[in-house]
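Hi,

Here is the structure I promised to pass on to you. Have a look at it first, and then read on for what turned up in it.

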Amino acid sequence: MPGSKPNHKSTGKPARQLQLSEALYHKRPTSVTTGPHASSPPGQPTAMSDKEQSTTMERILQEITAVSRRIEGMDASISSLTLETKSMRSDIAGFQSRVTGLEQRMGSLETQVAASQDRDQDLLYLRSKLMDMDYRSRRDNIRLLGIPEKEEGTDIQAFLDSTLPKLTSLDFDPPLEFQRAHRVGPKCSDKSSRPRPIIACLLRHNQTRQILQAARSHGPFQIGQHDIRITADYSKDTNERRKAFLALRPRLQQLEMKYGLFDPARMWVTKNGVSKDFYNPEELRLFLDSFQFSVPAHGLYQHKPSTRYLRG
């Protein structure tokens, strides 16, 4: 009947459909009374007027418009982000290209460095060979220091042939023979300046060794009032290394090490029955530093590392 609630049990509809039916039932007007004095039963909602419906629709349209504007703003932001992403991809591609180029250059540099290290080893080997050849070419030379200028007269070989046996007190058999003999360096313009050294190359190496041994044992010698010294003819590099080795003698003595300096520039060191050869003064200095003894190092010659002489 009209105005009565639907019977849930008799209809047999599912619960969801029953709830919708109740909602529609409460929303429809329950009174058919028309006119200005019509009223709804107590507890029932009144129907919306046309004005209220129009206001509600306008508000809904405004909200829909605002949401549409927000969506348009989001679309613009998404478009901007898309452009920025494309730009970043382009930048990343450029960076990748640069990194690839740098990796290729690094590989090329590593190859060049490896080749340079090989060349450095070759140069060190050639340098050692050159120094060895230079030393061997000077093995038969002696250097005489302190002989006054023009003391030798016009024949310097004859002067040495008669002077060396007297200075060294040696009886040479066979007699001394020279390949060449001459003074080295520019001529002295001042008589008070130091006389130029004389370099003599002997024909026989054993006679060279006899003269140098006598010079170490009995030198310096005397000619008139002048002191005469006889030394081996070393190159500049060899002389500097020998001086550097000799400068380390105080430390060797403090450590109670046995040592000896041999030709051309080799320091032999013995500690606790263990012997070791050094061809570089820097290597010997580091070896002495390992014993943690402190000795003033002023005046030590800092020689660049070099390879050893080849033994012949």
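The largest nonpolar core in this predicted model has 24 residues. A nonpolar core here is a set of buried Ala, Val, Leu, Ile, Met, Phe, Trp, Tyr and Cys residues joined through side-chain atoms within 4.5 Å, and buried means under 20% relative accessible area, with exposed over 50% and partly exposed in between (1.4 Å probe, protein chains only). The residues with the most contacts inside this core are I142, L144, L160, L164, I211 and I230. Two or more residues each come from strand 1 (141-145), helix 4 (156-168), strand 2 (178-183), strand 3 (198-202), helix 5 (205-218), strand 4 (221-223) and strand 5 (226-232). Helix 4 gives the most, with five residues. Helices (H or I, at least four residues) and strands (E, at least two) are DSSP runs, numbered from the N terminus.

Contact means heavy atoms within 4.5 Å. A second, separate core has eleven residues, among them L248, L252, L255 and M257.

Five strands form an open sheet in the order 2-3-1-5-4, with antiparallel pairing; two strands count as paired if DSSP finds at least two bridges between them. Strand 2 and strand 4 are at the edges with a single partner strand each, so one side of each has no neighbour in the sheet. From one strand to the next, the twist averages 25 degrees. Strand 4 pairs with strand 5 over three bridges, in the antiparallel sense, and Q222 has D227 in strand 5 as its bridge partner. Helix 5 lies across strand 1, strand 3, strand 4 and strand 5, at about 130 degrees to strand 5. For such angles, axes are lines fitted to C-alpha atoms (for helices, over the stretch in contact), and the values run from 0 to 180 degrees between N-to-C directions.

Now for the charged pairs. The whole structure holds 15 salt bridges, each being a side-chain nitrogen of Lys or Arg within 4 Å of a carboxyl oxygen of Asp or Glu. Here are three of them:

- D233 and R143 meet at 2.7 Å, N to O. D233 sits in the loop between strand 5 and helix 6 (236-247) and R143 in strand 1, so this pair ties together parts that are 90 residues apart in sequence. D233 counts as buried, at 5% relative accessibility.
- D132 and R136 meet at 2.8 Å, N to O. Both lie in helix 3 (residues 50-137), four residues apart, or about one turn of the helix. D132 is buried at 8% relative accessibility, whereas R136 is partly exposed at 35%.
- D237 and R241 meet at 3.2 Å, N to O. They are also four residues apart, in helix 6, and R241 is buried with a relative accessible area of 1%.

D233 and R143 also belong to a salt-bridge network with D134 and R138.

For the overall picture, the protein chain has eight helices and eight strands. Of its 312 residues, 23% count as buried.

Two notes on reading all this. Residues are numbered from 1 along each chain as its sequence is written, and side-chain values use heavy atoms, with hydrogens and water left out. As this is a predicted model, local features need pLDDT of at least 70 and side-chain atom pairs count only at pLDDT 80 or more, while totals for chains, interfaces and linings use all residues.

Best wishes
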